[in-house]
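Subject: Structure handover

Hello,

Here is the structure I said I would pass on. Please open it first; my notes on what was found follow below.

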Amino acid sequence: MLNEIHDECETKMTSSIEHMQRDFKTLRTGKVTTSVLDNVKIDYYGTPTSLDQVGSVIAVDATTIVINPWEKNLLSLIESAISSGNVGASPNNDGDQIKLYFPAMTVEQRKESVKQMKGMGENAKVSIRNDRKHANDQIKKLEKDKEVTQDESKSAQDSIQKTTDKFTTKIETILKNKETEILKV
């Protein structure tokens, strides 16, 4: 039973780190990626739809993204969605495709990206601490119900704490590497 609690806790903590890394994809670093458009949706026949579902979205170089919709009548919808999506570039519609030209990041923009990244990291740490608390509560309940001894409970809680420390250190390492990547000019 204690092993199941530990395994479940570790799985949730792994999920928190994966979620944080997915969030990082929305941040702009020195080179633009198509993931900056992940949160931009258009109303496609009544359904909010991501841009990569209605056309090809390609980063052609470090500062340019090209969106080629499969249906040309979507150009104006895509253009207005990008404009209201605040992605950091204005859409240029040439009648066939939309091009986004992103200016080189300023030092202030890089610092802002680092600030957002650290916030995402802090959210992941909070999630991991919540997972630890949940697991420890389950262990304490087993001890209270006399299903495990006090020593087993203490040992299991120590194991959960070691796992928490391992994941917190992993987050710190990821944050440090990502900060270096963002601030690299």
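Helix 1 and helix 3 are roughly antiparallel to each other, because the angle between them, about 170 degrees, falls over the 145 degrees needed for that label. Before going further, please note that this is a predicted model.

Helices

Helix 1 covers residues 2-24 and helix 3 covers residues 107-144, and their axes lie 9 Å apart. The contact between helix 1 and helix 3 consists of 14 nonpolar, five polar and five charged residues.

Helix 1 also packs against helix 4, which is made of residues 150-183. Here the angle is about 15 degrees and the axes are 11 Å apart. That angle is under 35 degrees, so helix 1 and helix 4 count as roughly parallel. The crossing of this pair is right-handed. In the contact of helix 1 with helix 4 there are 12 nonpolar, six polar and five charged residues.

Helix 3 and helix 4 make a further pair, with axes that come within 10 Å and cross at roughly 170 degrees. Helix 3 and helix 4 are therefore roughly antiparallel. Their contact divides into 13 nonpolar, nine polar and 10 charged residues.

The chain as a whole

The chain has four helices and six strands, and along the sequence they follow the pattern α-β-β-β-β-α-β-β-α-α. The radius of gyration is 22 Å, whereas the globule rule gives 16 Å for 185 residues, so the chain is more spread out than a compact globule. The C-alpha trace spans about 70 × 40 × 20 Å along its principal axes. Of the 185 residues, 36% are buried.

Four of the strands form an open sheet in the order 3-4-6-5, with antiparallel pairing. Strand 3 (55-61) and strand 5 (91-93) are the edge strands, each pairing on one side only. On average, neighbouring strands of this sheet are turned by 25 degrees against each other, direction ignored.

Going across the sheet, strand 3 is joined to strand 4 (residues 64-69) by six bridges. In this pairing I58 has V66 of strand 4 as its bridge partner. Strand 4 is joined in turn to strand 6 by four bridges, again antiparallel, and I67 is partnered with I98 in strand 6. Strand 6 and strand 5 share three bridges, and N92 has K99 of strand 6 as its partner.

Strand 5 and strand 6 also form a hairpin with four residues between them. In that turn, G95 has a positive phi of about 95 degrees.

Which residues of strand 6 lie on its covered face, and which on the uncovered one? In a regular strand the side chains alternate between the two faces of the sheet. In strand 6 (residues 98-101), I98 and L100 are on the covered face, while K99 and Y101 are on the uncovered one.

Strand 1 (residues 41-44) and strand 2 (residues 47-50) pair in the antiparallel sense over four bridges. I42 has T49 of strand 2 as its bridge partner. Two residues separate the strands of this hairpin, and Y45 in the turn has a positive phi of about 50 degrees.

Regards

Note on methods. Residues are numbered from 1 along each chain as its sequence is written. This is a predicted model: local features need pLDDT of at least 70, side-chain atom pairs count only at pLDDT 80 or more; totals for chains, interfaces and linings use all residues. Side-chain values use heavy atoms; hydrogens and water are left out. Two strands pair if DSSP finds at least two bridges between them. Axes are lines fitted to C-alpha atoms, for helices over the stretch in contact, and angles run from 0 to 180 degrees between N-to-C directions. Angles under 35 degrees count as roughly parallel, over 145 as roughly antiparallel, 65 to 115 as roughly perpendicular and the rest as oblique. Ala, Val, Leu, Ile, Met, Phe, Trp, Tyr, Cys and Pro count as nonpolar, Asp, Glu, Lys and Arg as charged, and the others, Gly among them, as polar. A crossing is left-handed if the near helix is turned anticlockwise from the far one by less than a right angle, and right-handed if clockwise. The radius of gyration is taken over C-alpha atoms; the globule rule is 2.2 Å times the number of residues to the power 0.38. Buried means under 20% relative accessible area, exposed over 50%, partly exposed in between (1.4 Å probe, protein chains only).
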